[in-house]
Amino acid sequence: MNLTVAMTGASGAILGREALRALESDERVAHVHFVASENSLRVLAEELGVSGRNDLLEKLLGTAPKKTVQHADADIGAAIASGSYPSQGMIVLPCSMGTLAAIANGLANSLVSRAADVTLKERRPLILCVRETPFNRIHLRNMTLAAEAGAVIFPVIPAFYNKPSDSTEMALQFVCRVLAHIGLEQPGAFVWKGEE
Ligand SMILES: Cc1cc2nc3c(=O)[nH]c(=O)nc-3n(C[C@H](O)[C@H](O)[C@H](O)COP(=O)(O)O)c2cc1C
């Protein structure tokens with residue numbers, strides 16, 4: 001698989017980090033294109049203590065990337081900005097209300113929103129892990145617009161029934177659900193068995 005992961009300036013940087021780590025070690029994934037919006041850098045610094053754009057991937061992965069490449073959000077000439085480039089989908093995790101608005105309204109004025117626009121026009125999976133609380137009517141309308149255009153609205157609402165031991169485990173299990181949705185079931189995913 002060839003996937004795109006974008007991180008934007010919503011809370012939940014740990015989720016993006018866990019997604020990148022899971023994809024980097026998943027043998028079914030050949031290439032990951034990573035884009036961090038300018039404002040995600042502020043949240044990364046606040047939430048993970050990761051500062052600066054230099055070696056960002058290495059800082060997030062904890063090791064040198066083998067299959068993940070980073071693109072600047074201003075680089076609208078990157079491969080993923082074109083539908084001719086073969087991609088199997090895109091995950092925006094976390095997705096801010098600003099980026100949701102840009103995608104829902106087709107702005108395509110940054111690499112994140114352009115790559116999402118391309119993903120929708122090519123009818124490829126686009127997963128928007130939106131995060132805000134509470135939602136105003138503009139957020140709700142934009143989610144409807146994006147869903148009607150083919151995106152999956154996958155809100156950052158973690159599960160509690162798996163009794164996560166800490167925030168990393170909670171993030172990891174959320175990421176497992178996102179990746180399963182795109183066809184990449186993870187070996188460590190919690191599966192509810194109910195009463196047997
Ligand atoms: C620490 C921090 C947390 C934030 N959390 C959210 C959030 O959960 N959801 C959201 O929509 N915006 C959040 N914001 C605001 C966005 O970063 C801001 O609207 C920004 O313009 C989004 O830009 P982007 O979509 O290009 O990344 C947060 C900002 C900071 C500094």
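Student: What classes of residue make up the lining of the largest cavity?
Tutor: Five nonpolar, four polar and one charged. Ala, Val, Leu, Ile, Met, Phe, Trp, Tyr, Cys and Pro count as nonpolar, Asp, Glu, Lys and Arg as charged, and the others, Gly among them, as polar. This is a predicted model, where local features need pLDDT of at least 70, side-chain atom pairs count only at pLDDT 80 or more, and totals for chains, interfaces and linings use all residues. Residues are numbered from 1 along each chain as its sequence is written, and side-chain values use heavy atoms, leaving out hydrogens and water.

Student: How much space lies in the largest cavity?
Tutor: About 60 Å³.

Student: Which helix gives the largest share of the lining?
Tutor: Helix 5, residues 111-121, with three residues. Helices here are DSSP runs of H or I, at least four residues, and strands are runs of E, at least two, numbered from the N terminus.

Student: Ser 87 next. Where is its place?
Tutor: Ser 87 sits in the loop between strand 3 (68-72) and strand 4 (89-95). Ser 87 is also one of the residues lining the largest cavity.

Student: Why does Ser 87 count as buried?
Tutor: Because its relative accessibility is 12%. Buried means under 20% relative accessible area, exposed over 50%, partly exposed in between, with a 1.4 Å probe and protein chains only.

Student: What does the side chain of Ser 87 reach?
Tutor: The backbone nitrogen of Gly 89, at 3.3 Å.

Student: Now strand 1. How many of its residues are buried?
Tutor: Six of six, over residues 2-7. Asn 2, Thr 4 and Ala 6 point one way, and Leu 3, Val 5 and Met 7 the other.

Definitions and conventions: A polar contact is a pair of N or O atoms within 3.5 Å; within protein, one must be able to donate a hydrogen and the other to accept it, and residues adjacent in sequence count only if both atoms are side-chain atoms. On a 1 Å grid over the protein atoms alone, a cavity is a set of points where a 1.4 Å probe fits but cannot get out, and a pocket is an open set with protein on both sides within 12 Å along at least five of seven lines; lining residues have an atom within 4 Å of a point. Grid points are joined across faces, edges and corners, and a volume is the space filled by probe spheres set on the points.
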